[in-house]
Amino acid sequence: MDLPSLALILQGALSTNPDQRRAAEESLNQIQLLIDSASALIGRVMHLFIQFAPQHLVRLLQIIVEASCDLAVRQVASITFKNFIAKHWAPHEAGEQSRILPEDKEVVRQNILNFIAQVPPILRAQLGECLKTIIHADYPEQWPALLHWVKHNLQDQQVYGALFVLRILSRKYEFKSDDERIPVNHIVEETFPNLLNIFSRLIQVVNPSVEVADLIKLICKIFWSSIYLEIPKQLFDPNVFNAWMVLFLNILERPVPAEGQPEDPELRKTWGWWKVKKWTVHILNRLYTRFGDVKLQNPENKAFAQMFQKNYAGKILECHLNLLNVIRVGGYLPDRVINLILQYLSNSISKSNMYSQLQPRLDVVLFEIIFPLMCFSDNDQRLWDEDPHEYVRKGYDIIEDLYSPRTAAMDFVSELVRKRQKENLQKFLFFIVEVFKRYDEAAPEYKNFRQKDGALLAIGALCDKLKQTEPYKSELERMLVQHVFPEFSSPVGHLRAKAAWVAGQYAHINFSDPNNFRRALHSVVAGMRDQELPARVDSVFALRSFVEACNEFFKLMNEVENEDLVFTLETIVDKFGEEMAPYALGLCQNLAAAFWKCMNTAEADEEGDDPGALAAVGCLRAISTILESVSSLPDLFIHIEPTLLPIMRRMLTTDGQEVFEEVLEIVSYMTFFSPTISLEMWSLWPLMMEALTDWAIDFFPNILVPLDNYISRSTTHFLTCKEPDYQQSLWTMISSVMADKNLEDGDIEPAPKLIQVLFQNCRGLVDHWVEPYLRITVERLRRTEKPYLKCLLMEVVADSLYYNASLTLIILQKLNVATEVFNLWFQMLQQTKKSGARANFKREHDKKVCCLGLTSLLPLPADQLPGEALERVFKSTLELLVAYKDQVAGWSFKAAKEEEEDGEEDDDDMNNFESDDDEDGDDTDKEMGVDAEDGDEAESLKLHKLAARVGLKIIAKAFRSTEFDDEDSDDDFSDDEELQSPIDDVDPFIFFVDTIKLLQASDPLRFQNISQTLDFHYQALANGVAQHAEVRRVEIEKKKSEKATGAVAAAP
């Protein structure tokens, strides 16, 4: 295909018209051009890949260089050309054949060089990438003529093209050393004399244009690549090297042309002449730091280093100081140039002759150039106001640090006080103190906030030095209190941020007053809620230092027996639990050691008033918080377990009565979040059972949590282990507690909950335990007075029915209590308060358990459940489902409303629960076909909201909420509703509808009879329940789908 036709097809491939684009693609396929992908480029760019088509690579090159062709088409061709060469020019695997014909390669090599300088820059960049690939693959073996072409064209009108190619060629060897670097000497020998002449002529141009700068910049880059790792042997000639240095020093000293310099700072720093200045400083820095230091050089290069130090290092320093003076008087230097100059100055501090030259001007440099660079600037303020995210990125970007004048200024100060401390540290600190004093003494409207920011930055930068040097080391705490802490409440955002940063730098010092540490810590916490994003980020990063400072607390705790240290540490862990994850194992080990020390101190105190016991409690609470913080890292619990097991074993006996609750919380975390419950952790079960039987009945609600975890998370071991026999152990304890007439109703509430845990988690596996547990449940039910315990005991019956309805009915009839139990159950379901709200089964969990139990009765045959009983069960279940739906909808609505109105409310405030009598109904019953009730039975609304907000704090709440219990707790929300259960995944509406469908299929006549007995009210309820079941079915499937999609997306 000829060039015009190919160009036309490429033009069609750019079309926004789908039909034209498809036609072009079909044509390209016909000539074995495969369009691989498309992407945006000023409209649309097509990535085309050629498939073994001779001459097509050449034709693409012809299109690229054809000036009469549309530039967009040439650009498409250049991108295609570059991509294909990158992929196919050199085989990527051993033995692979090249996909480009040798003759095509030769044509490309012969022609690409001549057009480098002729094509527009946008195409030159693509051809440059092609050249890079070809040179790396072919030079010198397959392309020996390349260097000759470069040398020849450096002598005529193709200078730019020759420099462009030579830059690519020299860069191939920039990071090569030893034998791989041999070709560099030949390249330098052939080209550097011409480069030097060109450089010299360009320097002498009067009123040079920016095009001259572009040529000089290429020469600088070639020189840089050639000397990066080693000095080429040709440059060891003093005359040759001096000729180059004269030119570089000329560039360094002479001001950049004023004409043509952009006003926009972003454009100015990329302007050609400033680029020349930057590359010149870059080269001189490289020569100085790598080859100009006598101490760093090998013997053969030592003479060069001595020559450089003697003849050039001082001249360069003088030029650099003169350049820096430009910014002192308000002139402009690009940030990168300032950064490089300050690097040169920093490297000069340790060299006596260079420092002597610097010293007369040091005060000016330090106080009038370096310190202003450390202060908050106009550019900082603009970025802070207009793009705080970019401000944060620049502040914490390591790459930005490499180019930042401020970072270079901080490095200079640090190097100065490290290498020349005697004459500079005190002088610089006096200057900083004067800045602090002027700031403190000035009226608010005259305070120099930016200088204060710079002074704080300086103090932070000198942190390591000041923490090791007296008398400053002893004054650090006072300095923080006097000059840093006040800025936490500054009206200026960047000072609040800087205060947090400085506090983080000094978090590890030994605070003589723990209150000062707490003050710094709390200020950093408050900073995480700052209205300014950068201040919040600096506070978060400062927090890490406070977390790491915990190790210093452990060391101090080993030296000083002070309970305040433990309480301070507890405060840190409690405040920043999630931040503690990286340090969890070490912290637990140290806290465990501190716990034993505190316990030993408490035991040794015969009078019993030693605060060691309180400190021990603090250690255990801190451990619990850490365990919660690493709950998303279950494997970590395996490593923590050996450290905590001795504490749990000892403190679950009578020795641990003072810390029993805290230890149980740790047991709960270990059994809940560990991947599996180890045999060592199972060894704690008998200890808890023994304690519960002998003296720990008051802790029964706390013991319930780990026992639930053992049964629900390690069910197989619970059921199969016979030595010890955990099933028998559980029965012995529960039967003893429930039969004990000396225990009040409130004392034994966890017992029926444990029976429910057994039935729900071991469904179908503990038939032999159903009768004994039902027997003691009914016996206790007969003498129970407290309504809440009655509900719990009745729920054991409901769970038993859900476990196995037929077996349960047989047992109840065998015990001659079936009629008694069901009459009481239905009576309790119908009982209401004056407000009309239900008096029993008020929690969602209560209603759900009852719904599942009653629903399980429905498919039983008529000989077990007569028609009259079936009708009663059916109607009661419908009413209960309506109440359950009403309550779920009610607390969901109220939780959302409270979250919106009361988002800042303390998560642990449980004092404002609303009772049944105060709740208003909503319209959800109307959806089910009945009028709204007076109450919505939502006394648990607030805790539900809290549970949703705190997520994983299930166990913590199960423990800590008990302090709010009182003797009327049957009217309160019970914490175990937050515990996980196998019935959590059972939707009672779907379960009911599916059970009715099963009844309809297995016994159509019985289903017809029950349907005919329903009046309009119950028919409406049934229809509403059926509709809601289908809604729930769709919602559940949607959630499953979203969860699966999320899991796929999150997979690596």
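Guide: Start with G618, which lies in helix α32, the helix that covers residues 612-629. This is a predicted model. G618 has a relative accessible area of 2%. Buried means under 20%, so G618 counts as buried. Now look for L591. L591 and G618 are 27 residues apart in sequence. In space, their C-alpha atoms are 9.3 Å apart.

Step back for a moment to the whole chain. The protein has 51 helices and two strands. It has 1052 residues, and 53% of them count as buried. Take the contacts with a separation of 6 or more: 74% of these come from residues 24 or more positions apart.

Another buried residue is F841, with a relative accessible area of 1%. F841 sits in a loop, between α43 (818-830) and α44 (844-857). Check its backbone too. Phi of F841 is near 50 degrees, a positive value in a residue other than glycine.

D178 also has a positive phi, near 55 degrees, and is not a glycine. Its loop runs between α8 (159-171) and α9 (182-203). Is D178 buried or exposed? The relative accessibility of D178 is 60%. Exposed means over 50%, so D178 counts as exposed.

Together with D179, E180 and E230, D178 forms a negative surface patch. E230 comes from a loop between α10 (210-227) and α11 (238-253). With a relative accessible area of 35%, E230 is partly exposed.

V540 belongs to helix α28, residues 533-548. V540 is partly exposed, at 35% relative accessible area.

Finish with two peptide bonds. E470 and P471 are joined by a cis peptide bond, with omega about 10 degrees. P471 is in the loop between α24 (463-466) and α25 (472-484). E723 and P724 are also joined by a cis peptide bond, and there omega is about 0 degrees. Look for P724 in the loop between α38 (715-720) and α39 (726-739).

Definitions and conventions. Residues numbered from 1 in each chain as written. Predicted model: local features only at pLDDT ≥ 70, side-chain atom pairs only at ≥ 80, totals over all residues. Heavy atoms only, no water. Helix = DSSP H or I, 4+ residues; strand = E, 2+ residues; numbered from the N terminus. Buried < 20%, exposed > 50% of the residue type's maximum accessible area, 1.4 Å probe, protein only. Contact = heavy atoms within 4.5 Å. Patch = residues over 30% accessible without salt bridge, like charges linked within 9 Å, V, L, I, M, F, W, Y side chains within 5 Å. Areas by Shrake-Rupley, 256 points an atom, 1.4 Å probe, with all protein chains shown as cover. Salt bridge = Lys/Arg side-chain N within 4 Å of Asp/Glu carboxyl O. Lys, Arg positive; Asp, Glu negative; His and termini not counted. Charge placed at Lys NZ, Arg CZ, Asp CG, Glu CD.
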